[in-house]
Amino acid sequence: VLVNGKPCDCDVIADCKVGDAVTLEVQLTNLSKNSVGPLALTVVPYQDFQNGVQNYDLEDAVTFIGSNTFYIDTV
């Protein structure tokens, strides 16, 4: 997963400012011998309060330009 072109995972926090557009890139790799698909990849944003509570009700706080679900024939 890349956020604004930089790797982001559970050990690396994305550096984003409120109000800035963010480019999200997900790279999928199939290590099996056979193709896999069809697939649907959906981005579900949430706010992590860092105390075990996660807020998924962000309808007024997050806007997607385009779809938040992507359909992939095969990987």
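**Close-up 1. Tyr46, a partly exposed tyrosine in a predicted model.** Tyr46 has 40% relative accessibility, so it counts as partly exposed. Here buried means under 20% relative accessible area, exposed over 50%, and partly exposed in between (1.4 Å probe, protein chains only). The model is predicted: local features need pLDDT of at least 70, side-chain atom pairs count only at pLDDT 80 or more, and totals for chains, interfaces and linings use all residues. Residues are numbered from 1 along each chain as its sequence is written, and side-chain values use heavy atoms, with hydrogens and water left out.

**Close-up 2. The aromatic pair.** The structure holds one such pair. Its rings belong to Tyr46 and Tyr56; their centres are 5.2 Å apart and their planes stand at 40°, so the pair is tilted. Rings of Phe, Tyr and Trp (its six-membered ring) pair if their centres lie within 6.5 Å; planes under 30 degrees apart count as stacked, over 60 as edge-to-face and the rest as tilted. Tyr46 sits in the loop between β4 (39–42) and β5 (47–48), and Tyr56 in the loop between β6 (54–55) and β7 (69–72), so the pair ties together parts that are 10 residues apart in sequence. Strands are DSSP runs (E, at least two residues), numbered from the N terminus. Tyr56, at 49% relative accessibility, also counts as partly exposed.

**Close-up 3. The open sheet β2-β1-β3.** Three strands in this order form an open sheet with antiparallel pairing. The edge strands, β2 (6–7) and β3 (24–25), each pair on one side only. Strand β1 (residues 2–3) runs antiparallel to β2, joined by two bridges. Two strands pair if DSSP finds at least two bridges between them. Leu2 has Pro7 of β2 as its bridge partner.

**Close-up 4. Lining of the largest pocket.** A pocket is an open set of points on a 1 Å grid with protein on both sides within 12 Å along at least five of seven lines; lining residues have an atom within 4 Å of a point. Of the 36 lining residues, Val3, Cys16, Val22, Pro45 and Tyr46 are the closest to the pocket centre. β3, β4 and β5 each supply at least two lining residues.

**Close-up 5. Ser35 and its contacts.** Ser35 lies in the loop between β3 and β4. At 61% relative accessibility, Ser35 counts as exposed. Not counting residues up to four places away in sequence, Ser35 touches Asn30, Thr74 and Val75 (contact means heavy atoms within 4.5 Å). The C-alpha atoms of Ser35 and Thr74 are 6.1 Å apart, although 39 residues separate them along the chain.

Technical notes. Helices (H or I, at least four residues) and strands (E, at least two) are DSSP runs, numbered from the N terminus. On a 1 Å grid over the protein atoms alone, a cavity is a set of points where a 1.4 Å probe fits but cannot get out, and a pocket is an open set with protein on both sides within 12 Å along at least five of seven lines; lining residues have an atom within 4 Å of a point.
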